[in-house]
Each structure stands twice: as C-alpha cells, then as structure tokens.
Amino acid sequence: MKRLIQLLKKDFKSFSRKNESERAVLESFFFSAYRGAFVIRMAGLQKRSFCLGALFIQRGLLPNDLSAQTMVKHEYGHYIDLKKLGLIKYLIYVGRESVKSGGLSKGEYYNKLRGEASADFNVGIVRSASSHAAQKRGNEYINRIAQASYRQLLKEYFSRRRKQKNSDKAQPK
Ligand SMILES: [Zn+2]
C-alpha cells in the first residue's frame, strides 16, 4: 500500500500534460500524459492497449522497449483519429474492426485494418517496406468517414448489406 502511494505521488510529480516522451509514459504507474492526451495504465492482464478518449496503456512494459514506445505512438495515432471522427464513428469504423480482427497476423493487422493503418500514418510509424501505401489508404478512408454525414454512412451500410444478401442468394449451397 505504501508503495502504491509512492508510485501515485511519483506520477503526480512527473505529470506534464504536454509530455512528448514515450519513455516517460512507460515509466508511469497509474497515469501520465502524452502530447495533450491523458494516459491511464492498466493491469498487465489485458494483452492490448487501446485508445478511448484517453490512451489506455498496459503496465509492465520496459521504458526502453522500442516496441512499447511504438505502441504509445500508435495509440496516440488513434487519439488523433478519434478527435477527427467523434466517439460514435470511431467505435463503429475503428473499434469494431479491431475487436473482430481475430486470426490476423501482426503485419496484416496493421496493414489491412484501415483504422490501424491510419493510426500508424498519423504518427509516422514504419512497420515494413510496403506499409506506407496501406497507411495512406487507411488515412484517406478515415478522412472520408469523418466528413461523411451519418445519413450517407447509413445509406452505404444498407446498400452493402443488400449486395451481400444478393450475392449470398446467388451462391449455390
Ligand atoms: Zn491500434
């Protein structure tokens, strides 16, 4: 308990809303901030970090770990898109895709999922030689969703569903 209070005090002391160091984020235990976004550290049980208004970053990562630093940047990339999209569109077009992504390799996850690729694009993460094109496509997609009205998006959703149903019918079982 005493240790937790010490850690809490430490987080308060080093807290800086405009902090730009990924390492400082990873050194925090309860909370910190990154480029104006609030960061909450989560118990290490959950394997994945995520962005939902604040950046939720799992605990137990080493401050020097480059892949952990990249993850902080990546979550901030989501934060930029979240601000652009608003929460509802973000949950539908970025969150849903990510939750349903079981079975993808890491490379596929960050290239094929447009919300993931766009997050990387926002912060300039290079994952492979071919990742930039996918990131650009992802970012263009997110920008289009951000600008589209809900009415337009609903229309697209129902027309996609209709097409899907028709093609299901056309296929002999
Ligand atoms: Zn992500």
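How are H6 and H7 oriented to each other, roughly parallel or roughly perpendicular? Let us get our bearings before coming to that pair. This is a predicted model, in which local features need pLDDT of at least 70 and side-chain atom pairs count only at pLDDT 80 or more, while totals for chains, interfaces and linings use all residues. Residue numbers start from 1 along each chain as its sequence is written.

The protein has 8 helices and 4 strands, where helices (H or I, at least four residues) and strands (E, at least two) are DSSP runs numbered from the N terminus. Read from the N terminus, the order of elements is α-α-β-β-β-β-α-α-α-α-α-α. The C-alpha trace spans about 65 × 30 × 30 Å along its principal axes. Of the 173 residues, 26% are buried; a residue is buried if 20 or more other C-beta atoms, placed from the backbone, lie within 10 Å of its own, exposed if 12 or fewer do, and partly exposed in between. Two residues are in contact if their C-beta atoms, placed from the backbone, lie within 7 Å. Among contacts between residues at least 6 apart in sequence, 35% join residues at least 24 apart.

Start with helix H1, residues 2-14. Its count of buried residues is 0 among 13, so that H1 is hardly covered. The expected span of a helix is 1.5 Å times one less than its number of residues.

Strand S1 (residues 31-34) pairs with strand S2 (residues 37-42) in the antiparallel sense, over 4 bridges, and Phe-31 has Ile-40 in S2 as its bridge partner. S2 also pairs with strand S4 (residues 54-58), here in the parallel sense and over 4 bridges. In S4, Leu-55 stands opposite Val-39.

The hairpin of S1 and S2 has 2 residues between the strands, and Arg-35 lies in that loop. Its backbone deserves a look: phi of Arg-35 is near 50 degrees, a positive value in a residue other than glycine. Most residues other than glycine have a negative phi. Arg-35 is partly exposed, because 17 other C-beta atoms lie within 10 Å.

Helix H3 is next on the tour. Its 20 residues should span 28 Å, and the end C-alpha atoms are 29 Å apart, which agrees. The buried residues of H3 include Met-71, Val-72, Tyr-79, Leu-82 and Leu-85. Just after H3, Gly-86 takes a positive phi of about 80 degrees. Leaving aside residues up to four places away in sequence, His-78 touches Cys-51, Val-94 and Ala-119.

Now for the helix packing. The axes of H3 (residues 66-85) and H6 (residues 114-123) come within 7 Å and cross at roughly 105 degrees. Axes are lines fitted to C-alpha atoms, for helices over the stretch in contact, and angles run from 0 to 180 degrees between N-to-C directions. Angles under 35 degrees count as roughly parallel, over 145 as roughly antiparallel, 65 to 115 as roughly perpendicular and the rest as oblique. H3 is therefore roughly perpendicular to H6. Among the residues making this contact are Tyr-76, Gly-77 and His-78 of H3 and Ser-118 and Ala-119 of H6. By class, the contact of H3 with H6 has 4 nonpolar, 6 polar and 3 charged residues. Ala, Val, Leu, Ile, Met, Phe, Trp, Tyr, Cys and Pro count as nonpolar, Asp, Glu, Lys and Arg as charged, and the others, Gly among them, as polar.

That brings us back to the opening question. H6 and helix H7 (residues 131-147) pack at about 105 degrees with their axes 7 Å apart, so H6 and H7 are roughly perpendicular to each other. In this contact, residues of H6 including Ala-117 and Phe-121 meet residues of H7 including Ala-134, Tyr-141 and Ile-142. The contact of H6 with H7 divides into 5 nonpolar, 6 polar and 4 charged residues.

Terms used. Two strands pair if DSSP finds at least two bridges between them.
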